[in-house]
Amino acid sequence: MSHNNQTNYDDTNIFAKMLNGDIPYHKVFEDEKTLAFMDIMPQAKGHVLVIPKQKAVDLLDLEPEYAAAVLMTSKKVMQAQRQVFEREGIIQMQLNGAQAGQSVFHYHVHLIPGSIHELGIHAAKQANSAELANTAKQLAAIISTL
């Protein structure tokens with residue numbers, strides 16, 4: 001199976017649109033290589049997505065420096081989630097390909113404060129925008145102190 005970013009990456013996917021500033025989102029953290037934001041269809045309260053600012057469909061497409069940056073951003077988000085939600089358990093999930101359940105074909109990591117045994121169905125219902133904005137602000141405030 002070939003992984004050619006020029007043919008496989010869709011510049012109109014929702015995360016590409018977010019990176020281009022074409023659609024709004026609730027930002028938790030951003031640096032030169034990554035963006036972390038609230039999932040609008042969360043599987044649990046506080047569900048955050050971390051994406052690289054690289055056109056990568058899945059892990060096989062991801063350049064090592066972007067992979068490292070995603071992990072470093074994920075660590076910051078997890079530290080903030082543990083404080084905001086007063087819990088140790090954070091699910092870190094990453095899906096590669098439609099058969100694995102990937103629905104947005106831009107590499108991303110799910111960080112979900114919850115138990116794998118209690119997860120809701122992804123994309124089942126949209127979260128309240130005001131609640132997402134509030135949670136994003138709480139997480140961002142903690143990350144800014146790390």
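What radius of gyration does the chain have, and what would a compact globule of 146 residues have? The chain has 15 Å, which agrees with the value near 15 Å for a compact globule with 146 residues. That radius is taken over C-alpha atoms, and the globule rule is 2.2 Å times the number of residues to the power 0.38. Along the principal axes, the C-alpha atoms fill a box of roughly 45 × 30 × 30 Å.

Before going on, keep in mind that this is a predicted model, where local features need pLDDT of at least 70, side-chain atom pairs count only at pLDDT 80 or more, and totals for chains, interfaces and linings use all residues. Residues are numbered from 1 along each chain as its sequence is written, and side-chain values use heavy atoms, with hydrogens and water left out.

Now follow the chain along its sequence: the pattern reads α-α-β-β-β-α-β-β-α. That makes four helices and five strands, where helices (H or I, at least four residues) and strands (E, at least two) are DSSP runs, numbered from the N terminus.

How much is tucked away? Of the 146 residues, 40% count as buried, meaning under 20% relative accessible area with a 1.4 Å probe, protein chains only.

Gln-43 counts as buried because its relative accessibility is 14%. Leaving aside residues up to four places away in sequence, Gln-43 touches Met-93, Ile-112, Leu-119, Gly-120, Ile-121 and His-122; contact means heavy atoms within 4.5 Å. Across the chain, 63% of the contacts with a separation of 6 or more are between residues 24 or more positions apart.

Methods. Buried < 20%, exposed > 50% of the residue type's maximum accessible area, 1.4 Å probe, protein only.
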